[in-house]
Amino acid sequence: MRALFFAFIFCYTTSTRVEGTNGHSRDSDQTLPVDDLRDLLLSSMQNTISLTELATQQTTKISTITVALTEAKSLIEHLQADLLTSKTRITKLTEQLEVQNISFTRSKTALDELKNEVATSQNEIRALTEGQSEVMAEVAALPTWPEGSYCILASGTCPPGFTRHSGHIRAFNTYDYSPTYIQPAVFGDSYMRCHGPCGVHTGWDAEFGITSCCK
């Protein structure tokens, strides 16, 4: 500051002295007082210092803003990269979801078809059950065995109220032992057949037995 002050005084003093026409120097009539010159210089220096401080502050702010902008740019780049990754994941998840939706739709269709089949089967079972009930009701409504005394051919256990009776004739002679004369048959527990091996003439060719239920 002092060097700047003395340089300013030197320049000002030199500039206030001019050369005359006769080669001799003379003092200018406009020489400022030293106090005014000092005040002017101090004011100029203060303004210079204020401008320097303002410039320094602005430079600091610009530097801070530049750093913040650089960090923001880096953050934006990271966010853009993350956004791209997220978009890729969303695309893959959307594709997987579409595949799962197709599979779910097919499974739902198959399930609906199965439900329809089950419902149809249940309706058929219900109809058969109702038909069986109707048949059982008709059977129950059938009349019982007629009154009176009679016999029926037996086939297993006799009905209630009937008594089982059995009889037979064995080893009797027929005109011939061929199928024209002996035709084996079974009627429940009753029968007619060859006596011994069919087709072997022994003189005793046939036999038959009757089992009946009587009341």
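## A walk through the predicted chain

The protein chain has an accessible surface of about 17600 Å², and carbon and sulfur atoms account for 61% of that; accessible areas here come from the Shrake-Rupley method with a 1.4 Å probe, and for residues only the protein chains shown count as cover. This is a predicted model, in which local features need pLDDT of at least 70, side-chain atom pairs count only at pLDDT 80 or more, and totals for chains, interfaces and linings use all residues. Residues are numbered from 1 along each chain as its sequence is written, and side-chain values use heavy atoms, with hydrogens and water left out.

How confident is the predictor? The mean pLDDT (the predictor's confidence in each residue, from 0 to 100) is 81 for the protein chain, with 85% of its residues at 70 or more. Over residues 1-29, though, the pLDDT is below 50, and beyond near neighbours in sequence that stretch has 22 contacts in the model. Contact means heavy atoms within 4.5 Å.

Now for the layout. The protein chain has two helices and seven strands, taken as DSSP runs (helices H or I, at least four residues; strands E, at least two) and numbered from the N terminus. Read from the N terminus on, the order is α-β-β-α-β-β-β-β-β. Of the contacts between residues at least 6 apart in sequence, 60% join residues at least 24 apart. Buried residues make up 11% of the 215 residues, where buried means under 20% relative accessible area, exposed over 50%, and partly exposed in between (1.4 Å probe, protein chains only).

Next, the charged pairs. The structure holds three salt bridges, each a side-chain nitrogen of Lys or Arg within 4 Å of a carboxyl oxygen of Asp or Glu. One of them joins Lys-108 and Asp-112 at 3.4 Å, N to O. Both residues sit in helix α2 (residues 34-141), four residues apart, or about one turn of the helix. Lys-108 counts as partly exposed because its relative accessibility is 42%, and Asp-112 does too, at 30%.

Another salt bridge brings Asp-189 and Arg-164 together at 2.8 Å, N to O. This pair links distant parts of the chain, with Asp-189 in the loop between β5 and β6 and Arg-164 in strand β4, 25 residues apart. Asp-189 is partly exposed at 29%, and so is Arg-164, with a relative accessible area of 43%.

Then there's Glu-207 with Arg-193, whose closest N and O atoms are 2.9 Å apart in a salt bridge. Here too distant parts of the chain are linked: Glu-207 is in strand β7 (residues 206-214) and Arg-193 in strand β6, 14 residues apart. Glu-207 has a relative accessible area of 10%, so it counts as buried, while Arg-193 is partly exposed at 37%.

Together with Leu-153, Phe-187 and Ile-210, Met-192 makes a nonpolar surface patch of about 370 Å². Patches are made of residues with over 30% relative accessible area and no salt bridge; like charges are joined within 9 Å, and nonpolar side chains (Val, Leu, Ile, Met, Phe, Trp, Tyr) within 5 Å.

Last stop: Thr-174, in the loop between β4 (163-172) and β5 (185-187). Is Thr-174 buried or exposed? Thr-174 counts as buried, because its relative accessibility is 17%. The Thr-174 side chain reaches the backbone oxygen of Asp-176 at 2.8 Å, and also makes a polar contact with the side chain of Asp-205 at 3.1 Å. A polar contact is a pair of N or O atoms within 3.5 Å; within protein, one must be able to donate a hydrogen and the other to accept it, and residues adjacent in sequence count only if both atoms are side-chain atoms. Leaving aside neighbours within four places in sequence, Thr-174 is in contact with Ile-182, Asp-205 and Ala-206.
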